[in-house]
Structure formats: C-alpha cells, structure tokens
Amino acid sequence: MNKELFEYVLRVGDDSLILGQRLSEWCGHGPILEEDIALTNIALDLIGQATNLFEYASQIEGGKRSADQLAFLRFDREYRNLLLVEQPNGDFGDTIMRQFLFDAFRKPFFERLTFCTDMQLSGIAEKSLKETKYHLKHSSEWVIRLGDGTEESHNRIQNSLDSLWRYTDELFFENDVDASLLNEYHLPILSDVKQEWIKNVENVLNEATLTIPNNNWQFKGGREGLHSEHLGKILAEMQYMQRAYPNMEW
Amino acid sequence: MVKDLSIQELEERFQEKINKDIKIEPNDWMPDDYRQTLIRQISQHAHSEIVGMLPEGNWITRAPNLRRKAVLLAKVQDEAGHGLYLYSAAETLGADREETIDDLHSGKAKYSSIFNYPTLTWADMGAIGWLVDGAAIMNQVPLCRCSYGPYARAMVRVCKEESFHQRQGFEIMAHLAQGSPEQKAMAQDALNRFWWPALMMFGPNDAESKHTLQSMKWKIKRHTNDELRQQFVDVTVPQAEMIGLTIPDKDLKFNEKTGHYEFGEINWDEFWNVVKGNGPCNKDRVETRRKAKENGAWVREAALAYSEKRQNRKSA
C-alpha cells in the first residue's frame, strides 16, 4: 500500500468530515431560515466529499477498513484535519470567518488537485471544486456583509478574524508526505496555493473593511495528529454509535 | 365592480368558484374568515416544519455512518425548505413572516405536537420518518387539491419530498428490525413511544374538531381527521408486521367486514396537555427557536445595513 498517498487522502477527507460535522451543529439554529438551509447544504457537500475520499482511502489500504471505519473508528491522534476546522462554531461570524478562510484555501487547492495524475483523486477534486466555488462565494459575501454592516457586526467579525488567524499558516503545512508524493502525482504546490489564498483573502477583507491582526503567532499540529481539546469532544459525539454498538450495520 | 356587489353576493360567487374547483389566487376576493383560516393553517404548518428540524437535528452529529448522516442532513434541509415555501405561501395572504414567527415564540401560534416528544435513540430517526412523515403525507396529499392555489402548489412539491422521507424512515426501521437484538429492541422502543403521538397528529375526533366542517366546505380540507387517521392505521399496521415489529395497542384488530383495522382509544388527556404546552419538550423547542432568532438579530441587522449602504452608494 502507498502509505503516503493514504495519508494525503485522509488529510483532505478529515478536513471535510470535521468541518461538515461542525456545520451540521448549526442545523435548526441559524440566524435566518435561508442560512439554516445554506449551512446545512454546505455540511452536506462536505460529508459527501469526505465519503468519496474515505472510500478511496479504504481502497488504497486494500479494503482493510471501510470508509465508515476510517471516518468513525480512528483515535484522536490519528485524525489529520486542520486545527482551523475543529474550532467551535461560536457565533455566526466565527462560523463564517472559519468557513471563508478555509474555502479560500480549498478553491485554489482543488483547482490544482484536478491536475494530479491520480485519476480518482483528480475526479474527486473536480466534483469538490464545483461545490467549493459556491461555498467561497457564500462565505465571502457574508464576510463583506458583516464586516461592512453595523458597528456591532464589524467588531464581532473582526474578533473572529483575530482569533482564527492563528490557524491559517497550517493550511499550507507540508511534511515528508508531501515531499515524497509531489513529483510523482503532480500534487498542488502549497506555496502557490498560499499566494492565491492571500490575494483573495486580502481582497475580501479589504472590501469588508477588516484588518489582518498584527499578532501572527501561529499554531499547527493537526496534520500530524496533534489537535486542540475540541477534537476529542467532536469525536466523542460523532463516534458515539459506532463505539457503543460495535460491528453493527445501520 | 367589487363595490357594486354586496358581501353576500361576493361570498356566493366565491363559494361557486370553490364548488367548481376553480383555485383561489392571492388577488382574488375571499371572505376574511377564509383568509384567516388559511393563514392560521399555513403558518402552523410552516412552524411545524421549522420546529420539526430540532428533534431530528438532535441526531445529525451522532448519525451512525456517513450515508445516514448525509441522508439525515438532506432530510432536515428539505424541512427548512418546506418552511420557506410555506411562509411564502402565508405571505401571499398578507401575513408577515417575522410577525408569524414571533407568534410562534410567544406561544400564540401552534405547531404539530409530535415535535414536543424527545428523540432518545437513533431508532427515533426511523420512527419519525416512517410514522411522522407517513402521517404528514396522509394529511398533506389532499392539500395538493386545496382550494387556495399557492398552498396547493407548495404542497405538490412538499409531498414529493415527504414520501422520500417516509421511505428513508421505514428503511432505517426495517434495517434495525433485522439487525442485532439491541437494534431490534431499539426499533420496537421507538415504535412504542411514537405510535400514539403519531395517531394524535390527525387532531381531535371529528365530533370535537371545531374547524373541520367549514374547512371542508371551503375545500381547504378534503377529509375529516378520523378518516385520515383510519387510513394511516390501515396502511401502517401491515408495514409494522412486514418488518416484525408490534404495534403497541392491545385493542388493535382487523375487521373483516369493514376491511379496516379497529384500534384502541387515544389518550386525549395527554393530547390536550401537550397542545397546551405540557409536553416533554414544548419549552425547549420554543426556547431554542426563540434563541436562534435572538442570537441572529445582529446578523440580520448587519445584512440590512449593508444592503442599504450599497443602495446609497449606487445612487450616489
């Protein structure tokens, strides 16, 4: 089995899964009905992406574990998602800012991943890209609306940006996994993705009259399984059925 | 032309249209009571969709696998969509969406009492889809022929989705009923808890139902509560038998002569208590919705302020 490719696919899948899980917590609690629908819809896209990616990861692993086992039965330190996506929903502004910073990364990432030489991965990227473009449009519009809305909304979303900014360097984290796959699979070069990300982020924040915080202390660890306290609680909830009733079909 | 006709003549013409199955549209003349009855019914229906998101939303984050999680998300999202069409249909009658929602939060407006029961296990997702959406379909299919055009058209779409919801619920139950002993017990327990509240969804017996007669004359309603309830029991009992679950009613028996199932007495005391606000989750459900609106106030204000700024910039 190609361990590095497996790990790479899990990363992308875990990002989708954990953010999808987080967004689905909003269901029934949105600030307006239209946003209840939108957030649920995005969650649904992300769970769909995770499903495709875990099915592929399962295949790479030779069917040792199913997609569901990969999604629901790993331990905390085995999840490879970004710290950003596991951060709590907070208020609607926190959720939107988290989504925006992530979508702005995912779009150029998937665009490049469509060119990868692994046909299955490029196929998943193509499908996910269509969804991500819509997600980015939605989150960008809300960042602008909240940033340039009322004084209260401006302050709130500026606070969201200030507290989430510290998780953004990790979007471009690379380790041996990337180094060993990059050339063979023609994977996205994350420094290129970063250039496009920062350009787009600056444009939107500018229009939203928001400022990138001066404090640029950055956290990372998610890609290597070192998470925040939040992940354990997400998993306790998400894995409940699979842990409480092992080896059953649902 | 309207001026020249007396109210009585207008009402006669209106009833003639109804009798000929001509749809009433938003700008047509209609009796005030007809309008008020529809606003009450459609907004109650919309509230039920929205409050109904909560008991199922309770299990999205704990759904047992990826497929179930995605299907449940899609289902709850459909319900939010139904709420949206229905609030829009109520708006065509002059009801303001935000005011209507405030009536829900103040307790003035009702919603389907079934959502005041808690969802305690995963099997409840099956029971709700199978029984609650199943009962809703019985109520709603005739509404596709309702005399008020916008409501009837909204219901056509709603019913298509509801029938998918009913099937997914039944599929969850069938799966559990064929699973391990724990799973089967979980399914039976959910059926035990949701059966009677599902029968109550059709409302009081015909003799007690104060709106039925007039609503039937106006063709808002096509069947009585008891007729629909009987239809539901007749369809659902064989489904339970098919998957090996037992309906929790010792008086249930098939009457060969009538071709219908006879069933036990509904606990109307419980029904009226839940309607009055004494169900296990009434307070939580309304409080959750009220909080969602309150916590989102700054977002709605920001969106409004932003769109005004944009308008001003454009015209400047």
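Reader: What makes the length of helix H4 of chain B agree with its number of residues?

Author: In this predicted model, helix H4 of chain B covers residues 66-91, and its 26 residues at 1.5 Å a residue should span 38 Å. The expected span is 1.5 Å times one less than the number of residues. The end C-alpha atoms are 38 Å apart, so the two values agree.

Reader: Why is H4(B) called mostly covered?

Author: Of the 26 residues of H4(B), 20 are buried; buried means under 20% relative accessible area.

Reader: Why is the pair of Glu171(B) and Arg67(B) called a salt bridge?

Author: The closest N and O atoms of Glu171(B) and Arg67(B) are 3.1 Å apart, and the limit is 4 Å. Glu171(B) lies in helix H7 (residues 149-177) of chain B and Arg67(B) in helix H4 of chain B, so the bridge ties together parts 104 residues apart in sequence.

Reader: How do you know that the salt bridge of Arg313(B) and Asp148(A) joins two chains?

Author: The side chains of Arg313(B) and Asp148(A) meet at 2.7 Å, N to O. Arg313(B) belongs to helix H13 (residues 297-315) of chain B, and Asp148(A) to the loop between H6 and H7 of chain A, so the pair joins two chains. Between chain A and chain B the count is four salt bridges.

Reader: Why is Asp148(A) called buried?

Author: Its relative accessibility is 9%, and the cut-off is under 20%, so Asp148(A) counts as buried. Arg313(B), at 48%, is partly exposed.

Reader: What makes Val274(B) a buried residue, and which residues does Val274(B) touch?

Author: Val274(B) has a relative accessible area of 5%, so Val274(B) is buried under the 20% cut-off. This residue is found in helix H11 (residues 268-278) of chain B. Leaving aside residues up to four places away in sequence, Val274(B) touches Ser113(B), Asn116(B), Tyr117(B), Gly279(B) and Asn282(B).

Methods
Residues numbered from 1 in each chain as written. Chains lettered and ligands numbered in written order. Predicted model: local features only at pLDDT ≥ 70, side-chain atom pairs only at ≥ 80, totals over all residues. Heavy atoms only, no water. Helix = DSSP H or I, 4+ residues; strand = E, 2+ residues; numbered from the N terminus. Buried < 20%, exposed > 50% of the residue type's maximum accessible area, 1.4 Å probe, protein only. Contact = heavy atoms within 4.5 Å.
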